[in-house]
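Open the model in a viewer and keep the selection tool ready. The stops below cover side-chain pairs and a helix contact.

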Amino acid sequence: QGRDIQSIFFDMWRQDHPSADLQAVPADMVMTSGSGLDPHITMDNALYQLDRVANKWSVDTKRDPAKLRREIQELLEENAQAPWGGLLGEKMINVLSVNLQLRKRYGNPS
């Protein structure tokens, strides 16, 4: 029933905004709880946000954005874990853990 309501509202919005550019986003970005209780997001979600995060860190730390982006991507890849030792499901990133590692590596952003 909830999905029906979401679908109806989206259809109504889409009719009012037919030329709006709809960019594909990772499903967990829009479908999971925003409660912050689970610090995990999919690797796709982390990579989707990588440019924005790297740019912000580069401004705050006055570092080269391209180099910082590569370093953060490597950190994500090092921290990616899939259930059952990679046998099932998508790779997940513990955002809390990655953020703490970023702060340890680059300091506390302003």
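**Salt bridges and a helix pair**

Select Glu71 first: at a relative accessible area of 17%, Glu71 is buried (under 20%; exposed is over 50% and partly exposed in between, with a 1.4 Å probe and protein chains only). This is a predicted model, in which local features need pLDDT of at least 70 and side-chain atom pairs count only at pLDDT 80 or more, while totals for chains, interfaces and linings use all residues. Residues are numbered from 1 along each chain as its sequence is written, and side-chain values use heavy atoms, without hydrogens and water.

Lys67 is partly exposed at 40% relative accessibility.

Next, show helix H3 (residues 43-61) and helix H4 (residues 65-79), whose axes come within 9 Å and cross at roughly 140 degrees. Helices here are DSSP runs (H or I, at least four residues), numbered from the N terminus. Axes are lines fitted to C-alpha atoms over the stretch in contact, with angles from 0 to 180 degrees between N-to-C directions.

Now select Asp51 and Arg69, whose side chains meet in a salt bridge (2.4 Å, N to O). Asp51 lies in H3 and Arg69 in H4, so the pair ties together parts 18 residues apart in sequence.

Finish at Lys56 and Asp60, another salt bridge (3.2 Å, N to O).

Technical notes:
Helices (H or I, at least four residues) and strands (E, at least two) are DSSP runs, numbered from the N terminus. A salt bridge is a side-chain nitrogen of Lys or Arg within 4 Å of a carboxyl oxygen of Asp or Glu.
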